[in-house]
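This report walks through a few helices and strands, one region at a time. Please look over the sequence and the 3D view before reading on.

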Amino acid sequence: MKRICLLFLVFLGLLASNLNAQERRITGTVTDAADGSSLPGVTVAVRGTTQGTITDINGRYEITVAEGATLVYSFIGMVSEEREVGTASTINVALSADVATLQEIVVVGYGTRLKYELTGSISSVNAEDIAGNTMPSFENALQGRTAGVQISGGSGKLGQAIRTRVRGSSSISASNQPLYVIDGVPVVSQSLGTTGNEPTNPLAQLNPADIESVQVLKDASAAAIYGSRASNGVILVTTKRGKEGKTRFNISTQYGFTEAANEVGYLNREQYIDLWRTAAINRYGEDDDWQARLDGVFPFWRDTNNPDDITQGPDEDWEGHALRQGANKQFDISASGGTENTQYFTSISLYDQIAHINGNELDRISGRLNFDQKANEWVSFGLNMSVSRTRQYRVSYDRAFASPLQMIALTPLDPAYVPDTDELNENTLYENGLIVRKYSSFDTEAFKNFGNVFVNLELLPGLSFRSEAGMDLTFQQEVEYNGRLTNDGGPDGYGFERNVKSKLYNFDNYFTYNTIIADELDLNLVVGTSFTQADFEFASMAGTGFPSDEFKRVESAAEVSFASASGTGYRYTSFFARSYLKYADKYFLSLSGRTDGSSRFGRDNRYGFFPSASVGWVVTNEDFLMDNMAISFLKPRISWGLTGNSEIGNFASRGLYDGSSYAGLAGLISTSIPSPDLRWETTTQIDFGIDFGFFNNRISGEIDYYVKKTKDLLLRVQVPASTGFSEVYKNVGNLENKGWEFLINTVNVDGEFKWNTNFNIAFNENVVTNLDGQIISEGIWRVMEGQPIGVFYTREYAGVNPDNGDALFYLNEEGDETTTNIAEAANRIVGDPNPEFLGGFTNTFSYKGFDLSVLLQFVVGHDIYNHGFQWQASGLRWEDNHTVYYYENFWKEPGDETYYPQPRLYQSNGYGTSSIQIFDGSYMRLKDITLGYTLPGRISQRINVQTVRVFVRGYNLLTFTDYPGWDPEADSPDAGVSSQTSNIVQGWDFYTAPQQRILTVGLNVTL
């Protein structure tokens, strides 16, 4: 391969040196269009190449280029201009002022808006930041790039659901996930996987390379146009479209490897034996026969050829079996172009990743066609369509012994294979995960088709009508088989199959009217309707008793042990309107309202109205600031709005019955009691913001302060046992989120060498203000008045008695007395899984053909409950292998001040659930770093290629944290939990797989 690459480069060099093109020397002057003054430091570059120069102190430039080339003139704070090189040898250009690049078009609900005109809070991520994303789902590209948006990967398993929070959590029992809208179609983003495994992510079926931009609507003014589904924010995804011009082909490929972003480190043979010996002597005394105790637990711990030499024998690295080096491959090809009346974009993508987790893989093939046609002056139509097939080779959820990460519980004294044989060891302390990997499988295959068709009618000057029909169709099949040698499949095998059909249809019809009411007073008006219908069908069955492990489908089972088929669905009917007024290009007013009807509520409460209002003032367009040299742009803005949340069960307001049988006879059983008064959960949000730019916009940014108040919480409330049920949904309680967001962009160096910086940071405070006196508990997590959602509530560890190594716990809530008996200790608030602040720091550099981008992402102030440490750092209360962190930090002799108490074999010195397992999860990551080189245009153009770029990209290369577990991003709720549980249970690390570190090399070619 190296020889091929070398020969190819030599060929390019020879070709470049022997090809000639007619070149022309161009001179000229660049001036300011406003006053005619010369502009020094303007970049004059040949489009599609790295060739260029800059103007001198008098605004003059000189450059030699090929005839027919296009020169691009760019300068900070100015609108770029392009000129094609013809026969003239002099080209003079006048640049007009740009408003901090605020002429950028931003997608909003049912329309677009110039950025400088925005009166709401919207974060944008462009195609360059998303392109080449090495993760299956585009959400990962938002981490650290969008202020106030927390993206948590949960674990490093491929295709697993991602937790997204926009300005905190706004609900307790309903969903906190934002609404995802792709090309105008609200799509299904919740997991469609079985409740017996961790949730899947339908958005992983979208090819990130097809995305043009992502907008996050954060405040109520921006999001209220989506009404009842916007309390948690709205994420608008716009895919790429064709542009007028000749067909352009873009080919991109990358290949790399993956590994765990971090490894904890577990005891080897020598360390484990030393810990065992120490713990046994501490418990039973110096005369204890600790080797005999090892014989009783680990039958293969001695060397079969020399059993008396305890330094010899198995030294298994189970962490090495659980984690591995994986591989990542991706290939994308797209074509775009068109005429004045017809534009198109089409693409095909192949993605294949072997994860760093043993047994976990994902591959995807996808295609897209976006088409726009102008039939005549008043009719245009088009479509956006994507199809994909995704296969996931999944592993068990974290709490299952069959999970690869549970292998680390096995000790180095447990060999993976029976000594002196090639047979897998079936007599390990817990299940041998390699047996599971060999004889079990869990494969998920999903076919997805989503997109829309639309027609635009230009009815009158300024008045248009758009009608679009969208769909999101998913057909998913899960096939699981556990062999007869596995714990879950023994003794005769277990098979499970599940099929899901998800069908969502969306119909939007709306008018847009643009007019000038009076001098300098512009009006934009949108009025329309929307209808959404979603239906889900589920069918599953399980069987036992297979003739051999070669037969893995339920058809071959001797007995069908389980079968089920069900369906569900929901509907939304909506009416919306938005007006936008602009006066003198400096005063802006936006008003919107949406009425939504949902099938999820009772007949008398199905409809809700969700209004919003916002204003903005471009102060720099006033005469008193127009010519200010320091302040380039200044726009204060205020917004207020009401949004809703209806993301609960589809029939929570109704009393339901299910078919059943008794003594072989058909009958009905009641499965829920009605809640006819159930209504919308609503969030009122007010936002104070300011957009600014200084020194010709070399420094620009945004500052926002917001307050979100949610009332009428959709809460699962306990009911008397006499009803025959334990809980019912009711509107009970209030909570609040408030915080600050800061975004700063700087142009540090501009010229042939460029250096730009982006920094964002967000602070959010979450508090439950009213629950009518209730306390909600989910294990050690609690929801209670006056506290954030999901605080840790358990016994508080008080440290180690330095005199004797006893574990101490606070006896009372005041914390002024301690006890060695964990059962006597008082429960109290000991931690908070919600972060204090989060953000990102991006630096981009370019010099000639080289470009470098570095993203640091950080989350600070959140706590993590490492549940696995209850066994991995128990002082050998259990025989599980322990961490090196524990081994280096336990009490050994009087006077020691350590974190962990003295180990005592099979004795509970510090063992049990307490804050000893809760750690600060703050971290900073080198999230993304990319180094690229673009070949000079004179080389690429001579071989009929527009651009050629090679790059190296690293993802999660470094993590800076004091968290002793695998990953400070760990957030793994148990399988099949409800929305309430997943909202409350945060920051849980139970053998949770770490994120992956990825290093890839790639090539981009544009033809």
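Val560 in β26 is the bridge partner of Gly543. The model is a predicted one, in which local features need pLDDT of at least 70 and side-chain atom pairs count only at pLDDT 80 or more, while totals for chains, interfaces and linings use all residues. Residues are numbered from 1 along each chain as its sequence is written, and side-chain values use heavy atoms, with hydrogens and water left out.

Strand β25 (residues 521–544) and strand β26 (residues 559–583) run antiparallel and are joined by 24 bridges. Strands here are DSSP runs of E with at least two residues, and helices are runs of H or I with at least four, numbered from the N terminus. Two strands count as paired if DSSP finds at least two bridges between them.

β26 is also joined to strand β27 (residues 587–598), by twelve bridges, and these two run antiparallel. Ser579 stands opposite Leu591 in β27. With three residues between them, β26 and β27 form a hairpin, and Ala584 in the turn has a positive phi of about 60°.

## Helix α4

Helix α4 covers residues 269–284, which makes 16 residues, and reaches 22 Å from its first C-alpha to its last, close to the 22 Å expected at 1.5 Å a residue. The expected span is 1.5 Å times one less than the number of residues.

Which residues of α4 are buried? They are Arg269, Tyr272, Ile273, Leu275, Trp276, Ala279 and Ala280, where buried means under 20% relative accessible area (1.4 Å probe, protein chains only). They cover an arc of only 160° around the axis, which puts them on the same side of α4. The arc is that of the directions from the helix axis to the C-beta atoms. What covers these buried residues includes α5 (290–297) and α10 (884–887), with contact meaning heavy atoms within 4.5 Å.

At the start of α4, a side-chain oxygen of Asn268 comes to within 3.2 Å of the backbone nitrogen of Glu270. After α4 comes Gly285, whose phi is positive, near 105°.

## A four-stranded sheet

An open sheet of four strands has the order β38-β39-β40-β44, with antiparallel pairing. Its edge strands are β38 (776–778) and β44 (827–831), each of which pairs on one side only.

Strand β39 (residues 781–783) and strand β40 (residues 791–795) run antiparallel and are joined by two bridges. Phe792 in β40 is the bridge partner of Trp781.

Notes
Buried means under 20% relative accessible area, exposed over 50%, partly exposed in between (1.4 Å probe, protein chains only). A polar contact is a pair of N or O atoms within 3.5 Å; within protein, one must be able to donate a hydrogen and the other to accept it, and residues adjacent in sequence count only if both atoms are side-chain atoms.
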